[in-house]
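Reader: I am new to this structure. Please show it to me, and then I will ask about it part by part.

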Amino acid sequence: MSRDTARILALHGGLLVLLFVAQFVLPAYHHGNLARIMVLASYAIGYNILFGYTGLLSLGHALFFAAGMYGMGLGIQHGGLSPAPALLAGVVAGAVVSGALALLALRTTGVAFMIVTLMFAQAGYLTILYFGDYTRGDEGFVLQTAQRMLWGIDLSDPTNRYFAAFTLFALCLCLSLWLVRAPFGRVLVAIRENEDRVQMLGYDTHAHKLAAMVISGTISAAAGAAYGLLFGYVGASFGSVQYSILPLLWVLLGGAGTVLGPFIGALFMFYLIDLSSGLTAAYMLIAGVVLVVLTLFAPQGLVGELRRRFWKGLP
Amino acid sequence: MEIGPYILLASLEGAVTAAVLALTAVGLSLVFGVMRVVNIAHGEFFMLGAVLAWWVANTVGGHPAIGFAAALIVAPVLVGVLAALADMTILKRLNYDPERTIVATIGLLYILQQLTLMTYGPDARPVEAPFNQRIALPWIEHTEAGWQMYYPWGLSTTSYKLAVIGAAAAVLAGVWAMMARTRIGLLMRATQADREMALAFGIPVEKVYALVFGIGAGLAALAAVLIVPIQQAHYLMGADPLLLSFIVVIIGGLGSLPGTVVAALLIGLSDGIISVFFSPTLAKILATLLVGLVLVFRPRGLFGTRAP
């Protein structure tokens, strides 16, 4: 194990240990927040694989998040599934939807890719509203405590919920760390930097982008399914444009193309909005200002700046 | 009512939609054509136009026509200036990089929307039309006594709606004349054709960009002022015009003005007729899927000839 690898493992392992321990120290309010942030950060990790590492800016990830959430929620509500197979159903729904969208959207590049993903996600959101008889549309539906018993563990209990969120986040973080350091991840970064050259070197760039989009969509769907199950609510608003913009915001803020960036960004943004919503109802104003300021002054994000200044080898 | 008058009524309503849509979409298309950036905040400039129109009309007072006339001038100019300022302070510093510009205009969208929510509030408010006579329309029907003209119940329009169609057509002709006949239009077209070469010839490209961004936003605001006596001003009203303008610009061919107008007519008219047969949500689903698929399989748009 090289020295660099040891440092990287120490840093990321350290964060996980910190989050594990935080459970016993934090007051109830922040404890609940952190569970939520870890699920949202898992969503951002999924987004980061496509945006940060592969360089494809999608404006339609809410479609995958919602696919996971509704795959799980409808499975429980109408399919009578227990949580474990329902989670699986959500993840599979995300994989199928992201695979289908990837086949279409990857025919385009740049701005067209952004608009195509935006349009299909919007169509997905409207479809949820259209089948309001099953999905209950904007109003959404609540999963009862009895429907949220995973292998006999009550997920509505804060402690269990924290551990479930922690498990999901740890899995996603490790997967993402492993992925971007594996040869596959290196090719993704190379595609981001110069697709033509990668193609000339003999790599099948389309297959790599397709795989990246499916992995990204599946992680997002897992986060969506977990979010619905842990917090007991499934609603159409999670499929709206806003939920496609949020992971972009978190990743940009934390640092695109860094493993820790999504978590740092989600943590920072969550508390920024949490604090400002005490002051005004128009809290999305903060999101807007942060977006503009970030694109202007810190396109690398927080962790990206760290990497630029102190540690070039940070994954 | 029989199907004939019904379709006529739907197409009249559709023509109003098409007129307003054409103005909004031409603004978006102009910005995309000349500057090669996608302005996600376009719908919010539309919304600002409507909200400012309400504000101006309320401040001026007097006969509704005076307030409306003032709004017709003040709102687009204010929005245009605001957009030009945004271009100079934000977009210019991003070097008009397409992807970063999209992210920045999404930020701008939230800023404008939420600032409006904080100042103007969440209510929908009407602006009184300057004139609004009901005009009943005749319909010809074949009866036993031969062809007869009669006035079916419900088949009517208002003088204001007809005026909106006329005004939109006049403004569009003005935009065309500006692009094709004036010096500033020439500079815009030169910048569109080749930015570097335009710079080399001493064209102040940055000023042209600011102007184009301002005009684009001003057109959206003007469209909103025209529609606000029919719809109401609301801080979330920008979403639908943005989506529809995208559809129109993409189908009409990115950056092509005549294509945009044709597509606006097509979409506006069919929107009125389609919503007779489908639920509005289903119509929107079909429309968004259509845009996505057109971009996937015909990236130059249905009428486009140049690569975007």
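Reader: Which residues of chain B does UniProt place in the feature "transmembrane region"?

Author: This is a predicted model, in which local features need pLDDT of at least 70, side-chain atom pairs count only at pLDDT 80 or more, and totals for chains, interfaces and linings use all residues. Residues are numbered from 1 along each chain as its sequence is written, while chains are lettered from A and ligands numbered from 1 in the order in which they are written. UniProt positions follow the numbering used here, feature names are shortened, and annotations may be inferred rather than shown by experiment. The unreviewed UniProt entry puts the feature in chain B at residues 6-30, 37-57, 63-86, 159-179, 208-230, 242-267 and 273-297.

Reader: How far apart are the end C-alpha atoms of residues 6-30 of chain B?

Author: Helices (H or I, at least four residues) and strands (E, at least two) are DSSP runs, numbered from the N terminus. Residues 6-30 of chain B are 100% helix and 0% strand. The end C-alpha atoms of that span lie 35 Å apart.

Reader: What share of residues 210-236 of chain A is strand?

Author: The unreviewed UniProt entry includes residues 210-236 among the transmembrane regions of chain A. The end C-alpha atoms of this stretch are 27 Å apart. Its chain is 81% helix, and the strand share is 7%.

Reader: Which helix gives the largest share of the side of chain B that touches chain A?

Author: Residues are in contact if their C-beta atoms, placed from the backbone, lie within 7 Å. By that rule, 32 residues of chain B contact 33 residues of chain A. Two elements of chain B give two or more residues to its side: helix 4 (98-119) and helix 11 (280-297). The largest share, 16 residues, comes from helix 4 of chain B.

Reader: Where is B:Arg36, and is B:Arg36 exposed, partly exposed or buried?

Author: B:Arg36 is not a glycine, but its phi is positive, near 60 degrees. Its place is the loop between helix 1 (3-35) and helix 2 (42-60) of chain B. A residue is buried with 20 or more other C-beta atoms within 10 Å of its own, exposed with 12 or fewer, and partly exposed in between; C-beta atoms are placed from the backbone. B:Arg36 has 16 such atoms within 10 Å, so it is partly exposed.

Reader: Is B:Asn95 buried or exposed?

Author: B:Asn95 also has a positive phi, about 60 degrees, without being a glycine. It sits in the loop between helix 3 (64-91) and helix 4 of chain B. With 8 other C-beta atoms within 10 Å, B:Asn95 is exposed.

Reader: What should helix 12 of chain A span?

Author: Helix 12 of chain A has 16 residues, 261-276. The expected span is 1.5 Å times one less than the number of residues.

Notes
Two residues are in contact if their C-beta atoms, placed from the backbone, lie within 7 Å.
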